Amino acid sequence: MPEPVPEAPPAETAPEEPAEVGEVGEGQQDAPPADGAEANAAAQSTEPGATQLEGLFVEKPPSSVVAVAGMDVTFTAKVDSSTLTRKPVMKWLKGKWLDLGSKAGKHLQFKETYDRNTKIYTYEMKIIKVVPGDAGGYRCEVSAKDKCDSSTFEITVEAAQKDAQEDILSAFKRADAGEDDGDLDFSALLKATKKKKKAQKEEPEIDVWELLKSAHPSEYEKIAFTYGITDLRGMLKRLKKMKEVSKPSEAFLKRLESCYSVEKGKKIVMSCEVLDPNAQVKWLKNGQEIKPSAKYVMESNGNIRTLTINKSNLSDDAAYECVVGDDKCSTEVYVKEPPVTITKLMDDYHVVVGERVEFEIEVSEEGAHVMWYFEDQEILKDKDSTKYRFKKDGKKHTLIILESTLDDVGMYHAWTNGGHTKGELEVEEKELEVLQDIADLTVRATDQAMFKCEVSDDKVTGKWFKDGVEVLPSDRIKMTHIGRFHRLIIDDVKPEDAGDYTFVPDGYALSLSAKLNFLEIKIDYVPRQDPPKIHLDTTGNMVSQNTIIVVAGNKLRLDVEITGEPAPTVVWSKGDQPVTSTEGRVRVEARKDLSCFVIEGAERDDEGNYTICVTNPAGEDKAMLFVKIVGYLMERKKKGSSRWTKLNFDVYESTTYEAKRMIEGVLYEMRVFAINSIGMSQPSMNSKPFMPIAPTSEPMRLTVNDVTDSTCSLRWLAPEKIGAGGLDGYVIEYCKEGDTEWVAANQQLWEKQGYVVRGLPVGEKINFRVVAVNVAGRSPPAILSQPVTIREIVEYPKIRLPRELRTKYIRKVGEKINLTIPFQGKPRPVATWFKDGQPIDPKMVNIRNSNVDSILFIRSAEREHSGTYELVLQIENMEDRASVQIRIIGKDFCDSFQKKIIRQEALMAKCTKRCLIQTEKPGPPQNVKVSDVWGFNAALEWEPPKDDGNCEISGYTVQKADLKTKEWFTVYEHNRRTNCTVSDLIMGNEYMFRVYSENLCGLSEEPRQSKNTAVIAKTDLERKVNTYKEKDMTCPPKFTQPLVDRSVVAGYSTAISCSVKGFPKPKIVWKKNKMILGEDPKFLMQNNQGVLTLNIRKPSTFDGGKYSCMAVNALGQDEVECKLDVRVATDVEKK
């Protein structure tokens, strides 16, 4: 389609050089400077008086354009910048807000040029292959500081001619139908078969088209599968649009905008203008009619029809249509959701195995979506797994771990679309304590044997073993687990029951063992009678022989062993009241040879004197106990947390307590409850926040750096683990080999990581160690692996002459000289300097020596400082030498009275007149002459100067001059040879030459002029025209690099490439499974200097197949192909 006709003819301008957006063309070098920030601010300002609406456009796009689908269309706008102080900023908009600059690509292209002669900017917007979705209102807006202008235009899209329908069926047999870019395509749900390929040959038939138009919508997919139509949705939409174009309606004067954007909770208004003011309209949302309500308000004002959506939410993000009879206009509404922030952060947890953990956060909005992660793995809801539970309560979100394990240790994260928080979970193994060990038993035949043990955790299970073999329950052998007690009961003991019995708790490296001895006795016919006896255990909760302390609320259980023959009768009583109940909170449990008194949840009324009385025919025994309910309970928590952890379960009588198992570097708070016979007190005030600290780990890599006859130099690194207590310093200790008494070498803490221990005895073997110290105390020491012998090691002297001093060292008069010469040797070498074989005069040169280097310093260099300096290093009868050549070159001084330092010769002569110190610049060259002249060239030769200025000649400067003008021009600079050839001389002129010599101080004061001149004679010139033979560059297309088979992961963008040559430039066609790829935005085709690339954006498994690339020109064609395999990502690849 031809480009739109501009409203006014453009002014005559010089040829323009196009420049892509974001790049500066050659013609833009004289453009006004761009100020993007000011220009954007001016263009977007809406305050009154902020910008002036002025006619900046010289040429505007036409107000109405009719485009044919599939054709290209270009819009041009021109802006005069002659009156602007800033570069104008152009924006192309669709509707009211959609900035098309962000949509630039293969479908939309923008170009900007500038003519520096007329000061006119030209802006172009080109739409490649127009589609029906491009129809609508557009606006171009230009702004420059305080000026702006805009122009609106309308695009109407017509369907292509009917000859395009001949191949329309094949267009919908591809998933990438370019004619319907942007439409949804469910071709991935359908699989092509061989039958479909046969049906594909019947493209000209109209029966399928008519069949679709007359069929019920429920039969569409069946018809599409039968006839091989994969893009059914696109085909039906195209048919619908063609019907609309074929039957144009004038129902709407102004249609809805192409799209609207609104924030969640705000109001949005959509309006259109109809032709008939009395026309009735229907509003549809995703194809469903909208009924008027408080949320959806429909208004009719003359020709204007308005739909208002109040308090928009995410469900309002949909497609809307306004229907008038058979005509309709549509739009899209986008609802932006504000970011959800986290108002309450996640706490850290420190638990033991099996405890319940709840990570709780609060967000800014109810119903927000929260994602939970463990490390970098997302935690998802799993119906089959009971490990994690998710809880939502308004703005509170909770991740629950029912039973924590050691595998759950790590960092947990909670993410929203506007926030992130994390908490650390630390899980420790339970420490199982044995409260009562099993004891050895000696039983008789037919008696009962009972092994009993008590552990600290009532949830721990275990197994019983006899001589290493697991004991299984039977009619005679029973195993019980009641609370913290585990029992193995063997009835009717037999001789084979004797052996070693072991109880092993599950999950713990612990075992309890005892031995069962079988006592074989003879039956005595005389009945045996033993008086009863009460055996009280005075350990455990008993603080004295007859007093038991119980924390209020805890459980009291007294297991009293009773002996006597026959079995005695047991009676428990509190005061004068006997306790006979076998059930309830206070009860008595009777077992053979054992009486158990239990109080569940001790209360204030349970305090008092308790008596146990046992009787049998042989006698009676009594015991009295006093139960006292007193003590303290301690709790702690992290600062900022609301979760208190109990520290003791048994009574604690002391007023000092040492808390353990805390995390170093974390702030804690503690509180205390007092308990007496009445009950539990209110908690004390929270303690001041405190932080547990620990000593550091030992210092690392302790080594010996140097040893002398009385000292030892040590080096080490900081401890690997320092902790919250920091590091205050180090203590260095030593002792003689064989001694155990360590002596501190430093009286105060040493902060550096190196120390010299002094005053050591010569020849002794000494052990050294270093200890790090902080507020928590001393760390473990770092000890040398073997003792050190205190004796200085003789090392041969060696001078390490720097590389820059190995050649001649040149400086100018007045400059500073500072030479540092490092050396090595033990003991400390004696360094001596010489100049030209004589000792150095300390008045002229300063020397400073240290243990490792020697420094030669001259504050202001003079020419007499030049010479050879030699450093001699001596250790006893060993020595090393190194020499440095220093050369001082001078500079000019014009007036002796203005000079700060006057040479000694001038002072001795009492010079009062102007004196000139000898210049260090070279003299002029000698014998400069023209040795030869030919054509337009002249050859020069000369000799080096007599005076080189006490420095090497670095080059020559050659100049030429015409005898007519006598203006000198430089021909060569820094020419190192004593000859040169001067070219490009003008015919008929006579030239003279002069040469300057040059060294480090500069050019010579005077040049040397050539003794003769060079005359360029005029000659007759004949032009020889070489015949030009044009080379035939044409060649058929030929792929120089073929396509390569590839295997990619679904969802990850990929590209396939090849290269081609050919002239004229061949046309490139990409195919998939022999079908030509259209302008689907999923495929991006590029051609860069013959390198062809097909980019596939996020391919799915249905994008696999054979891809081919064909190049065609007038001389022939060539084609290459490859296979693309798209596989589903595995779990390893996803990670």
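The following dialogue takes up several descriptions of this predicted model and sets each against its definition.

User: What kind of model is this, and which conventions apply to its values?

Analyst: This is a predicted model in which local features need pLDDT of at least 70 and side-chain atom pairs count only at pLDDT 80 or more, whereas totals for chains, interfaces and linings use all residues. Residues are numbered from 1 along each chain as its sequence is written, and side-chain values use heavy atoms, with hydrogens and water left out.

User: What makes up the chain in terms of helices and strands?

Analyst: The chain has eight helices and 86 strands, where helices (H or I, at least four residues) and strands (E, at least two) are DSSP runs numbered from the N terminus. Of its 1135 residues, 38% count as buried, a term that means under 20% relative accessible area, with exposed meaning over 50% and partly exposed the range in between (1.4 Å probe, protein chains only). The accessible surface comes to about 67500 Å², of which 49% belongs to carbon and sulfur atoms; such areas come from the Shrake-Rupley method with a 1.4 Å probe, and for residues only the protein chains shown count as cover.

User: Which residues does Asn-616 touch, and what does contact mean here?

Analyst: Leaving aside residues up to four places away in sequence, Asn-616 touches Asp-530, Pro-531, Pro-532, Gly-564, Glu-565, Pro-566 and Pro-568, contact meaning heavy atoms within 4.5 Å.

User: How do you know that the side chain of Asn-616 has polar contacts with Glu-565 and Pro-566?

Analyst: A polar contact is a pair of N or O atoms within 3.5 Å; within protein, one must be able to donate a hydrogen and the other to accept it, and residues adjacent in sequence count only if both atoms are side-chain atoms. The side chain of Asn-616 reaches the backbone oxygen of Pro-566 at 3.1 Å, and a polar atom of that side chain lies 3.4 Å from the backbone oxygen of Glu-565, so both distances are within the 3.5 Å cut-off.

User: What makes β21 and β26 edge strands?

Analyst: The open sheet concerned has four strands in the order β21-β23-β27-β26, with antiparallel pairing. β21 (342–344) and β26 (388–393) each have a single partner strand, so one side of each is left without a neighbour in the sheet.

User: What is the order of the five-stranded open sheet, and which strands are at its edges?

Analyst: The order is β31-β38-β37-β33-β34, with mixed pairing, and the edge strands are β31 (441–444) and β34 (469–470), each of which pairs on one side only. Inside this order, β33 (residues 462–466) and β37 (residues 499–505) pair in the antiparallel sense over five bridges, with Lys-463 opposite Val-504 in β37.

User: Why is Asp-467 called partly exposed, and what is its phi?

Analyst: Asp-467 lies in the loop between β33 and β34 and has a positive phi of about 50 degrees although it is not a glycine. Its relative accessible area is 49%, which lies between the limits of 20% and 50%, and therefore Asp-467 is called partly exposed.

User: Why does His-974 count as exposed?

Analyst: His-974, in strand β72 (residues 968–975), has 51% relative accessibility, and because this is over 50%, His-974 counts as exposed. Its phi is near 60 degrees, a positive value in a residue other than glycine.

User: Which strands does β67 pair with, and over how many bridges?

Analyst: Six bridges join strand β63 (residues 830–835) to strand β67 (residues 867–875), which run antiparallel, and Ala-831 stands opposite Leu-873 in β67. β67 also pairs in the antiparallel sense with strand β68 (residues 878–889), over nine bridges, and these two form a hairpin with two residues between them, where Glu-876 in the turn has a positive phi of about 55 degrees.

Methods: Two strands pair if DSSP finds at least two bridges between them.
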